[in-house]
Amino acid sequence: MADSLKNTSDDLFLYEHIARTIEKSIQKGALQVGDKLDSVRMLSQKMDVSMSTVYNAYYELEAKGLIESRPRSGYYVKFIPNHELRAPDFRNHTVDVQEITNREIIDEVIQQSITDDYLELSTAVPAPELLPLKKIKRSIQAAYRNDPENGIRYEHHRGNPGLRRLISKQAISWNRTFHEDDIIVTAGCMEALSVSLRAVTSPGDTVVIESPTYYGLFQLLDSMNLNVIEIPGRPDEGINPDRLAEVLKENEVQAVVLIPNFNNPLGSCIPDEAKQQIVDLVAQHEIPLIEDDIYGELFYGDHRPKTCKTYDEEGWVIYCSSFSKTLAPGYRIGWCIPGRFNKDVYYQKYINSVSGPTITQKTIAHFLENGRYDLHLKRLRKALHIQCLKYSKAITDSFPDSTRITQPKGGFVLWIELDEHINAVELYRKAMKQHISISPGHIFSTGDRYQHFIRISFGKPYSENVDQGLKELGNLIKTL
């Protein structure tokens, strides 16, 4: 059994390597639904590993819903998501300056009251049971115990120095290093985006974004009286650098805002080569790129995707992120790395909120130092990947056959395309009456695009309640 506990060079256990090899074979079609896998004994002999290692690999694949064990028969391939989302039709997507005209439906969705008896599939946030609550509680106690003033004093305007030092270490995973003074702690990623935009734009300016994108960004842009140019993204690789180059050449643009890693709601991840091209473009035009990397740590593959900031040699990228999607949503601890705009962003942060709460910053700092954050992330990524596959299977089984869904490689949202005759807002309102909360596609663009799309979050562990809710939602769609 010793080999099942052995770490490999990339810090994966041997059984995980075996599981991922089989998973890739399933994804590429080498193994198809109904195919029988080698027996545990046979595979252990083929790979020269213990039977317990093979059992662990098969157990992981079972947990993801990819294979099933049949009594007295063996293991079989169970499910492959086969309703892949079609890419947006670029020909029908006008790329020009737009006003934000859908603010009413965005406000309706945000202000809708959701109580405990609702099936919450709309909010992109991990469920509490996926988070290390006991360890966070110990960090809270330690933060109070180690501070003689119990967190009463104003925190440093840039954020707790210890927290900033620990955040700087996180950047090592995407091949960059920073000094603590390069980092500004904010009230979540939204404040990081807000102070960054306010530092580099003025009312009436034009900002380029990817489409579809997070609806909270539209509220922010609208409040700042900024114009928007949307560039359609592809479900697999996101925004096309060549298309961005055309837009920057033909328009006067003051900033670009992107979610390069696991875009919300599309789930796309811009390839590293394309990220390099994008960074080169903004540097050439001397336009700041505000990078929202809030989902970057939630990858399902072998390695964390790089960031645009990885390739930023001249400081034109303002990097933004937070712990809201990985550790403590309610603590509202985010940060930005503003590059050449450090002083301007710092000034906006100061006049906006002076400084952040002391005790929550010290709590997160203590957890990062003592709570084995990397181990937590590994467990969280595994849980989300399993949930992604289970939700995808339930949607495939319960929704109309014409439904198309994304196959994200990270994050925790699914972007779903329904028949063109279905109005997502109407579906949203009918679902709310049945105490099922979803997000209509209208809110992820400036106007009336994505009318037959919805977003579903799989941050909630799969359960009988979720299964029944998705079946009810599928039946409701079939009546429209």
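Predicted model: local features only at pLDDT ≥ 70, side-chain atom pairs only at ≥ 80, totals over all residues.
Q: How much space lies in the largest cavity?
A: About 140 Å³.

Q: Which residues are closest to its centre?
A: Those are Q170, E297, Y319, S321 and W335, out of 16 residues that line the largest cavity.

Q: And which elements give two or more residues to that lining?
A: There are α6 (161-170), β10 (317-322) and β11 (333-337). Of the elements, β10 gives the most, with 3 residues.

Q: What is the lining like by class?
A: The lining of the largest cavity has 9 nonpolar residues, 4 polar ones and 3 charged ones.

Q: Switching to salt bridges. How many?
A: The count is 21 salt bridges.

Q: What does K382 pair with?
A: The side chain of K382 meets that of E60 in a salt bridge, at 2.9 Å from N to O. This pair links distant parts of the chain, 322 residues apart: K382 sits in helix α13 (residues 373-398) and E60 in helix α3 (residues 51-63).

Q: Is E60 buried or exposed?
A: E60 is buried, because its relative accessible area is 4% and the cut-off for buried is under 20%. K382 is partly exposed, with 32%.

Q: What about K46, where does its side chain go?
A: The K46 side chain forms a salt bridge with that of D38, again given as 2.9 Å, N to O. K46 has 57% relative accessibility, so it counts as exposed. D38 counts as partly exposed at 25%.

Q: What is the N to O distance for R234 and E237?
A: That salt bridge between side chains is at 3.8 Å, and the limit for a salt bridge is within 4 Å, so the pair counts. R234 is partly exposed at 22% relative accessibility, and E237 is also partly exposed, with a relative accessible area of 33%.

Q: Which residues are linked in a network of salt bridges?
A: R20, K24 and D302 are linked that way.

Q: Last topic, the surface. Which residues form a nonpolar patch there?
A: Y347, Y350 and I351 form one, and together they have about 320 Å² of accessible area.

Q: Where does Y347 lie?
A: Y347 is in helix α11, which covers residues 342-353.

Note on methods: Residues numbered from 1 in each chain as written. Heavy atoms only, no water. Patch = residues over 30% accessible without salt bridge, like charges linked within 9 Å, V, L, I, M, F, W, Y side chains within 5 Å. Areas by Shrake-Rupley, 256 points an atom, 1.4 Å probe, with all protein chains shown as cover. Helix = DSSP H or I, 4+ residues; strand = E, 2+ residues; numbered from the N terminus. 1 Å grid on protein atoms, 1.4 Å probe; cavity = no way out; pocket = protein on both sides within 12 Å on 5 of 7 lines; lining within 4 Å. Points joined across faces, edges and corners; volume = space filled by probe spheres on them. Nonpolar A, V, L, I, M, F, W, Y, C, P; charged D, E, K, R; others polar. Buried < 20%, exposed > 50% of the residue type's maximum accessible area, 1.4 Å probe, protein only.
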